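This briefing gathers computed geometric features of one protein for a reader who will examine the model in detail. Topics follow in turn, from cavities to backbone geometry.

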Amino acid sequence: MCAHVLVAEDDEMQAELIRRSLLAEGHTATVVHDGSAALDAARRLRPDLVVLDLMLPVIDGFGVCRVLRRDDDVPVLMLTARSTEDDVLLGLELGADDYMTKPYSPRELMARIRTVLRRSGRGADRREEPVVRAAGIAVDPVRHEVLCDGAGVECTPAEFEILLAMAAEPERVFTRRQLLECTRGTDRASTERAVDVHIMNLRKKIEADPRRPVRLLTVFGVGYKLSGGR
């Protein structure tokens, strides 16, 4: 997937980190540092997605989102350091497609961007997005298909996002919180304990003996990992 992403973030170091992460994912990025510049860039450049910080100078993120939704249907992913329910609900009511609460990892942000782009159908060359393979499992982000040892596996949207993230980085240990972040675009009501249920259900689908998993392993006191290499 290759998309043009507009990043509106007044923290220059944070904006540069997001920009580099987007480039590493194959996207192009335009960075602005205030709300007025964000609206101007959105009108001129017609981006595929806007990553929008709420605490922007000149015009805050709420105001930017309000105008964007009046003029366009571009997907908006809000970034907020204010995690109160009222702020989150207001952002969603204004038309934001998703939100992330600071602090967050760049990898979690890229996963959320992929989800929003996939859901919106934005971005070019989607057919070229590679199938992710690890531990005898193939996850196709374009066709939204999973194969295990060549056989098709039916996954819920949340299970799919968890498996896609883990297959992209085999042997990496993911915390429940990190896996929960992967599901936010598909299962907003999920909790960290719900991640355990998703893992249990995935084991039933990809393990010969779910009670003695050899692929989807528990790392006690930390979380889970997908073992087996590419």
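How many cavities of 30 Å³ or more does the structure hold? The structure holds two of them, where a cavity is a set of points, on a 1 Å grid over the protein atoms alone, at which a 1.4 Å probe fits but cannot get out. This is a predicted model, in which local features need pLDDT of at least 70 and side-chain atom pairs count only at pLDDT 80 or more, while totals for chains, interfaces and linings use all residues. Residues are numbered from 1 along each chain as its sequence is written, and side-chain values use heavy atoms, with hydrogens and water left out.

**Overall make-up**

- The secondary structure comes to eight helices and twelve strands, taken as DSSP runs numbered from the N terminus (helices: H or I, at least four residues; strands: E, at least two).
- Of the 230 residues in the protein, 49% are buried, with buried meaning under 20% relative accessible area, exposed over 50%, and partly exposed in between (1.4 Å probe, protein chains only).
- Among the contacts with a separation of 6 or more, 60% join residues 24 or more positions apart, a contact being heavy atoms within 4.5 Å.

**The largest cavity**

- The volume of the largest cavity is about 50 Å³, a volume being the space filled by probe spheres set on the grid points, which are joined across faces, edges and corners.
- Its lining, made of residues with an atom within 4 Å of a point, consists of Ala111, Arg114, Thr115, Arg118, Glu161, Leu164, Ala165 and Cys182.
- The elements that give two or more residues to this lining are H5 and H6, and the largest share, four residues, comes from H5.
- By class, the lining of the largest cavity divides into four nonpolar, one polar and three charged residues, where Ala, Val, Leu, Ile, Met, Phe, Trp, Tyr, Cys and Pro count as nonpolar, Asp, Glu, Lys and Arg as charged, and the others, Gly among them, as polar.

**Packing of H6 against H8**

- Helix H6 (residues 157-168) packs with helix H8 (residues 192-206) at an angle of about 75°, their axes being 10 Å apart; axes are lines fitted to C-alpha atoms, for helices over the stretch in contact, and angles run from 0 to 180 degrees between N-to-C directions.
- The two helices are therefore roughly perpendicular to each other, a term for angles of 65 to 115 degrees.
- H6 contributes Ala158, Glu159, Ile162, Leu163 and Met166 to the contact, and H8 contributes His198, Ile199, Asn201, Leu202, Lys205 and Ile206.
- The residues of this contact comprise seven nonpolar, two polar and two charged.

**Backbone geometry in loops**

- The peptide bond from Lys102 to Pro103 is cis, with omega near -5°, and Pro103 lies in the loop between strand E5 (98-101) and helix H5 (106-120).
- Ala135, in the loop between strands E6 (132-134) and E7 (137-140), has a phi near 55°, a positive value in a residue other than glycine, and Ala135 counts as buried at 9% relative accessibility.
- Asp149, in the loop between strands E8 (145-148) and E9 (151-153), has a positive phi near 50°, and Asp149 is exposed, with a relative accessible area of 57%.

**Surroundings of Asp10**

- Asp10 is found in the loop between strand E1 (4-8) and helix H1 (12-24), and Asp10 is partly exposed at a relative accessible area of 34%.
- Not counting residues up to four places away in sequence, Asp10 touches His33, Asp53, Met55, Leu56 and Pro57.
- The C-alpha atoms of Asp10 and Gly35 are separated by 9.0 Å, although these residues are 25 apart along the chain.

Terms used. Parallel < 35°, antiparallel > 145°, perpendicular 65-115°, else oblique. 1 Å grid on protein atoms, 1.4 Å probe; cavity = no way out; pocket = protein on both sides within 12 Å on 5 of 7 lines; lining within 4 Å.
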